[in-house]
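Here's a quick tour to read with the model open beside you. Take a look, then start with the question just below.

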Amino acid sequence: MNAPLSRPLTQRITSPLRRLSPPALALILAILLFLLGGVINPNFVSIASATNVIRLAAFLGIIAAGQTLVIISGGEGIDLSAGTVVTLSAILVFRITNGDDAMVPVGLAVALAVGAAIGFINGAGVMLVGIPPLVMTLGMAGVVSGTILIVTQGNLIGKTPEVMPRLISDPLLFGVPGVVFFWFLLGGAMWLLLERSGYGRRLFAIGVNRTAARLSGVRVQRMVIITFALSGMLSALGGFMLLGFSQTVFLNLGDTYLFPSIAAVVVGGTLLSGGKGSYWGTMSGALVLTLIDSLLTAVRARVPEIGEAYKLIILGVTLVILLSFYGRQRNVRG
Amino acid sequence: MTGLVLRRIISRHSYLFALLLLVVAVLVNLRLQDNLLEVNVISRNFRNFLPLIVLVVGQSVVIIGGGIDLSAGAIVTLGNAILATLITSESSSGQILLAILLTCGAGVLAGVVNGLCVAYLRLQPIVTTYATSFIFTGVALLILPRPGGDMAAAVRSLYRSTPGGAPFTLWMVFTLIAIWLVVRSTRYGQFLFATGGKSESAYFTGIPVNFVKFSTYLWSGLFAALAALALTVNTGTGSPRSGDLLTLNSVVAVVLGGTRLSGGQGGVIGSILGVVILGLIANIISFASVDSWAQTLVSALIIIFALIGPGLVRLARKAVAR
């Protein structure tokens, strides 16, 4: 690396990009990646494959919604229990409904309540006992997966109601699956919540500076606990949706979504230090991550000798490059 | 007056709570396994603890410096792959030394990548080191696509030996602690704590903040490579999944040891105690013949209760301060 040369060079490259907001940048990147996919494999650019990518991104996006809230709330906020809550929720719905369409609302309600309760305990541990969120939610992940193991003894009985894949992952209207419509609705709801509600205003306030927020009358403890509870509930919702897609459950169903959910939030321009971010950024981030994954799969289908090893390396390098565009922190020099 | 003294002791020795936990864990473990304190049992336990102990030294330094290294486990996997590929039962001691040096080089290189990204490109440590962990795991997979390896017997017997009556691994632990005590009192040690505590104030007092941050990742990479050495010698094999569980365990051990994730406080000794506590918890669970389906939950609950401890100590410290 040539240090004196590289600094002005990166500045020249990033300065026009800096004028764009990170979410917009991520969205443009997603479109570019999609077109790049067409260069590698002409079949990649089609309405059907675009729909499929958005459908896959929707599951990640829904799971990352709660993560977005927790990260915006600041105080090193992060929810590492999201993955196991996804698994737990899918298992609950799988078992409660046992294939019965009429039981779906009951299953969903129970899953959401359990998710919210887990999030509530996370929030209480963080705020009332003062355990760092990373550790608290990591411990909670262990407790949740331990509970799943004890209760099920590894024996996952149940059945997916047939209405779920029909409403969630199969084409519903104009060939677009229900989960995509739902995701956009959730995007609207999250925008209202973050930008047009008292909750959102207070959330950004505690994310920027908890002391200042407390002094101006925000009940910080209550806000953080509510936010963790919401995160648990949204993860549970993600698990419900995922069941409609996978139609089966296994013990690590949600695990693969945990770190991508954090990465989607960061790629979407939300600061891990809190106080700044948006859900539509997370949505673009989820699209970008899903596209990278689909692209690598497409490349592997065409060039089979690119094994798992290269896929991992390319994924890592791409993530670092993405982060260097807009995952940057403030310079210590101010 | 006593309050002030107590406060100073607690803040200077953040591992006191971990020490208390350790005593409890040892007592419980001793009830279930009465030969726990015999040399050969200690030796066997520390052979299994040492890889994580070496790893948490680096992780502690990164966390004290205000960062976190989620690629530590992946660097262990990488080192494990290199060692298992290069060292065979026919290797001469020169070849073994070369393999170890190469592994350390790879670890340092991985740390340099992390350090450049976090300190100079100012990327957020959690996601960046998570992203680089893919790269390191990928490279490890390239080197060693499937599990295998055939470790030289000489290295294994050194690892299992008990020079001077104490296990070799225990000597290593004492060496690590001694190194830490020296480093902590140097100027670099002070820079490290200052950088992790308030990097802006540190910058204004002329501390090379970015360089210190960069160096923490370099240490973490080096110690991850050494942890890979301990792991490979102990298990005798290489596996592309060998480091997977180590990353999160290293973070848990650091927090158990009383180091705060926000940086600027804590130490290596506590983290090492944290590893021993985690190991003893696993021992207790297996000796208490807990139902195998219940093991995950029991260990998670014990760890959560152990983690609440430092929080309570902090609350107590505040109460004393008042």
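In which hand does α12(A) pass α13(A)? The crossing is right-handed. Keep in mind throughout that this is a predicted model.

## The α12/α13 pair in chain A

Let's stay with that pair for a moment. Two packed helices are described by the angle between their axes and the distance between the axes. For α12(A) and α13(A), which covers residues 279-302, the angle is about 120° and the axes are 7 Å apart. That angle makes α12(A) oblique to α13(A), because the roughly perpendicular range ends at 115 degrees and roughly antiparallel needs over 145.

Who meets whom? On the α12(A) side you'll find Pro260(A), Ala263(A), Ala264(A), Val265(A) and Val267(A). Facing them from α13(A) are Thr282(A), Gly285(A), Ala286(A), Val288(A) and Leu289(A). Sorted by type, the residues of this contact come out as eight nonpolar and two polar, with no charged ones.

## Chain A as a whole

Zooming out, chain A has 14 helices and two strands. Its radius of gyration is 20 Å, close to the 20 Å that the globule rule gives for 334 residues, so chain A is as compact as a globular protein of that length. The C-alpha trace spans about 65 × 60 × 35 Å along its principal axes.

Of the 334 residues in chain A, 50% are buried. If you take the contacts in chain A between residues at least 6 apart in sequence, 76% of them join residues at least 24 apart.

## Where the chains touch

The contact between the chains draws 41 residues from chain A and 40 residues from chain B. On the side of chain A that touches chain B, the elements giving two or more residues are α6 (133-152), α12 (255-267) and α14 (308-326).

By type, the chain A side splits into 24 nonpolar, 13 polar and four charged residues.

## Chain B as a whole

Buried residues account for 52% of the 322 in chain B. Among the chain B contacts between residues at least 6 apart in sequence, 81% join residues at least 24 apart.

## The α4/α6 pair in chain B

α4 (residues 72-86) and α6 (residues 125-143) of chain B pack at an angle of about 15°, with their axes 8 Å apart. That makes α4(B) roughly parallel to α6(B), because angles under 35 degrees count that way. The crossing of α4(B) past α6(B) is left-handed.

From α4(B), the residues in the contact are Ala74(B), Ile75(B), Thr77(B), Leu78(B), Ala81(B), Ile82(B) and Thr85(B). They meet Ser133(B), Phe136(B), Thr137(B), Val139(B), Ala140(B) and Ile143(B) in α6(B). The tally for this contact is nine nonpolar, four polar and no charged residues.

Val173(B) sits in helix α8, residues 168-185 of chain B. Is Val173(B) buried or exposed? It counts as buried, because 20 other C-beta atoms lie within 10 Å and 20 or more is what the cut-off asks for. Leaving aside residues up to four places away in sequence, Val173(B) touches Phe46(B), Ile53(B) and Ile272(B). Ser157(B), 16 residues from Val173(B) in sequence, is 18 Å away in space, C-alpha to C-alpha.

Now try Ala288(B), in the loop between α13 (268-287) and α14 (295-321) of chain B. Ala288(B) has 14 C-beta neighbours inside 10 Å, so it counts as partly exposed. Between the C-alpha atoms of Ala288(B) and Ser250(B) there are 25 Å, and the two are 38 residues apart along the chain.

How values were computed. Residues numbered from 1 in each chain as written. Chains lettered and ligands numbered in written order. Predicted model: local features only at pLDDT ≥ 70, side-chain atom pairs only at ≥ 80, totals over all residues. Helix = DSSP H or I, 4+ residues; strand = E, 2+ residues; numbered from the N terminus. Buried ≥ 20, exposed ≤ 12 C-beta atoms within 10 Å, placed from the backbone. Rg over C-alpha atoms; globule rule 2.2 N^0.38 Å. Contact = placed C-beta atoms within 7 Å. Nonpolar A, V, L, I, M, F, W, Y, C, P; charged D, E, K, R; others polar. Axes fitted to C-alpha atoms, helices over the stretch in contact; angles between N-to-C directions. Parallel < 35°, antiparallel > 145°, perpendicular 65-115°, else oblique. Left-handed = near helix turned anticlockwise from the far one by under 90°.
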